[in-house]
Amino acid sequence: MSDYLSENKLETWYVVQTKPRQELRANANLENQGIEAALPMITLERIRRGKRVPVREPLFPGYIFVKFNNYSQNFHKIRSTFGVTKLLQFGESPARISGDLVNELLSIDDESAQVKELQRHAVPQVGDKVHILEGPFAGLIAEIVKLDGPSRCVVLLDFLHKQVRAEFDLTSIER
């Protein structure tokens with residue numbers, strides 16, 4: 001794998017760790033300073049206010065990629081950028097990846113089989129084991145047997161040695 005990462009010496013990208021949920025802010029601030037930044041994004045379905053909605057999120061939450069020529073000259077500039085925590089390092093060496101890999105990550109299509117699989121796992125599905133968060137069954141583990149519209153599901157749970165069906169709002173369960 002290290003051969004793949006060092007194949008293209010002309011176009012080396014570095015990995016930057018961002019503050020939690022501040023990838024977009026860090027990306028914009030770096031680009032405003034003239035530093036080329038890349039933030040691969042993906043569209044996933046999430047539950048918001050009890051409804052399934054498509055949400056555009058970073059592919060790697062907490063990380064973005066930057067490209068520049070002079071590492072020592074740009075190190076402090078990047079570290080002091082709003083939204084950035086640090087440049088990722090392994091010992092004394094900065095974490096690097098090839099330009100080919102960054103380009104491949106940026107070109108990920110939301111319609112690809114791998115992305116469809118990620119999207120399927122982002123929202124609870126029939127057969128998933130879930131934890132009940134609220135109500136008299138809070139703390140129990142149940143299995144989803146039916147999705148009832150965009151915001152509700154029917155689960156099967158063990159209660160007093162009996163199989164019990166119950167209906168819950170998707171905000172009341174967690175995978």
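This is a predicted model: local features need pLDDT of at least 70, side-chain atom pairs count only at pLDDT 80 or more; totals for chains, interfaces and linings use all residues.
Welcome! Residues are numbered from 1 along each chain as its sequence is written, and side-chain values use heavy atoms, leaving out hydrogens and water.

- Strands (E, at least two residues) and helices (H or I, at least four) are DSSP runs, numbered from the N terminus.
- Strand 11 (residues 141-148) runs antiparallel to strand 12 (residues 152-159), and 6 bridges join them.
- Between these two strands the hairpin has 3 residues, and Gly149 takes a positive phi near 80 degrees.
- Strand 11 also pairs with strand 10 (residues 129-132), in the antiparallel sense over 3 bridges; pairing calls for at least two bridges found by DSSP.
- Here Glu143 of strand 11 has Lys129 opposite.

**Nonpolar cores**

- A nonpolar core is a set of buried (under 20% relative accessible area, 1.4 Å probe, protein chains only) Ala, Val, Leu, Ile, Met, Phe, Trp, Tyr and Cys residues joined through side-chain atoms within 4.5 Å.
- The largest one has 16 residues, and Val16, Leu30, Val66, Phe68, Ile78 and Leu87 have the most contacts inside it.
- Elements giving two or more residues to this core include strand 1 (12-18) and helix 2 (23-32), while helix 3 gives the most, with 3 residues.
- A second, separate core has 12 residues, including Val130, Phe137, Ala142 and Leu157.

How values were computed. Buried means under 20% relative accessible area, exposed over 50%, partly exposed in between (1.4 Å probe, protein chains only).
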